[in-house]
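Me: I'd like to go through this structure and find out where the labels come from. Can you walk me through it?

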Amino acid sequence: MFWMTGFFNPTGFLTAMRQDITRSHKGWALDQVVITNTVSKSGKEEWKPTGKEEGVAVYGLFLEGAQWDRRSGILKESHAKVIYSAMPVVVISAGVLSAPRDPKLYMCPVYKKPRRTDLTFITNLWLTSPKSPDHWVLRGVAMLCDTK
């Protein structure tokens with residue numbers, strides 16, 4: 001399990017993870033491998049690896065503009081006057097997509113800092129939501145490594 005905020009270059013870390021997974025699967029090419037993710041229902045203290053995961057488990061991420069419902073595993077509206085909410089452990093992996101992603105998934109950008117620029121962008125993670133992805137885009141929902 002890795003503390004995402006602690007990396008100087010989290011994008012390089014995720015690229016190295018993609019390379020490692022690509023090498024472990026015969027016939028895969030790095031340019032065909034994309035990042036996939038699952039959000040666990042537990043925080044850093046409670047999370048236990050099952051041994052079946054491929055990839056890395058990261059913690060220390062925050063959602064801005066929304067919150068994650070751990071029980072149902074969906075993105076939902078944040079509480080009044082709450083800007084940031086902590087995310088549970090996210091398992092980030094890589095794989096070859098055989099079909100297009102579900103259009104109901106929200107493609108959530110991940111940034112190092114609250115100031116969102118190309119220099120602070122890390123990657124996109126996919127989150128389940130009962131609402132349209134456009135709803136979250138209009139709200140400006142993003143994940144952050146640091147809230148300061």
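Reply: The protein chain has two helices and 11 strands. Keep in mind that this is a predicted model, where local features need pLDDT of at least 70, side-chain atom pairs count only at pLDDT 80 or more, and totals for chains, interfaces and linings use all residues. Residues are numbered from 1 along each chain as its sequence is written, and side-chain values use heavy atoms, with hydrogens and water left out.

Me: What makes a stretch count as a helix or a strand?

Reply: Both are DSSP runs, numbered from the N terminus: a helix is H or I with at least four residues, a strand is E with at least two. Along the sequence, that gives β-α-β-β-β-β-β-β-β-β-β-α-β.

Me: Now for single residues. Why is Ser 129 called buried?

Reply: Buried means under 20% relative accessible area, exposed means over 50%, and partly exposed is in between (1.4 Å probe, protein chains only). Ser 129 has 12%, so it counts as buried. You'll find Ser 129 in the loop between strand 10 (121–127) and helix 2 (133–139). Across the protein chain, 39% of the 148 residues count as buried.

Me: And what makes Asp 118 exposed?

Reply: Its relative accessible area is 77%, so Asp 118 gets the exposed label. Asp 118 sits in the loop between strand 9 (106–111) and strand 10.

Me: How do you know that the side chains of Ser 129 and Trp 136 make a polar contact?

Reply: A polar contact is a pair of N or O atoms within 3.5 Å; within protein, one must be able to donate a hydrogen and the other to accept it, and residues adjacent in sequence count only if both atoms are side-chain atoms. The Ser 129 and Trp 136 side chains make theirs at 2.7 Å. The Ser 129 side chain also reaches the backbone nitrogen of Lys 131, at 3.0 Å.

Me: Which residues does Ser 129 touch, not counting those up to four places away in sequence?

Reply: Leu 75, Lys 104 and Trp 136. Contact here means heavy atoms within 4.5 Å.
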